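I opened my notebook to look at surface patches and ring pairs. Here is the model I worked from.

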Amino acid sequence: MKSGLLTFYRVMAYVTAVLLIVLCLAMVLKYLWPAGSATQVFGDTWTTYIGIGHGYLYIVYLFVALLLTRQLRVPPVPMLLVLLAGTVPLGAFFAERKVTHWYEQSRAEMSLDGGAADSRSASS
């Protein structure tokens, strides 16, 4: 398994999480200020732009997260939680740490298995 996919996943997780947090802040400006005020209009405009950007990038996040979790053979329920993490503020940060841990654990297991296979072939 290539580390490039993990790196791309990590970038997408952080971008998705940051955009979702900024979207939430823009929504506060949009809905908690008086209608027609400069702050409310600013929030309304940025909610649209950030919402669209987050939506498109979330689709990329879903695709990359699905590829990576399938390669790591993650069970269906944790996989679903990783996929949904991009819809919860701060969720993608936690999912990214967990997926990185799974990746490192998988690499460690592969190196142990590879080392055992090499020693068995050398002794034959």
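About how many helical turns separate Tyr-58 and Tyr-61 in helix α2? I noted first that this is a predicted model. Then I looked up the two residues. Tyr-58 and Tyr-61 are three residues apart in helix α2, so about one helical turn separates them.

**Entry: the rings**

I looked for aromatic pairs next. The structure holds five of them. One of these pairs is made by Tyr-58 and Tyr-61, and it is stacked. I wrote down 5.9 Å from centre to centre and 20° between the planes.

**Entry: the nonpolar patch**

Which residues make the nonpolar patch? I listed Phe-8, Val-11, Val-15, Leu-57 and Val-60. The patch covers about 340 Å². Helix α1 gives the most, with three residues.

**Entry: Phe-8**

I picked one patch member to check. Phe-8 is found in helix α1. Why does Phe-8 count as partly exposed? Its relative accessibility is 41%. Buried means under 20% and exposed means over 50%, so Phe-8 at 41% falls in between.

Key: Residues numbered from 1 in each chain as written. Predicted model: local features only at pLDDT ≥ 70, side-chain atom pairs only at ≥ 80, totals over all residues. Heavy atoms only, no water. Patch = residues over 30% accessible without salt bridge, like charges linked within 9 Å, V, L, I, M, F, W, Y side chains within 5 Å. Areas by Shrake-Rupley, 256 points an atom, 1.4 Å probe, with all protein chains shown as cover. Salt bridge = Lys/Arg side-chain N within 4 Å of Asp/Glu carboxyl O. Helix = DSSP H or I, 4+ residues; strand = E, 2+ residues; numbered from the N terminus. Buried < 20%, exposed > 50% of the residue type's maximum accessible area, 1.4 Å probe, protein only. Phe/Tyr/Trp six-rings, centres within 6.5 Å; stacked < 30°, edge-to-face > 60°.
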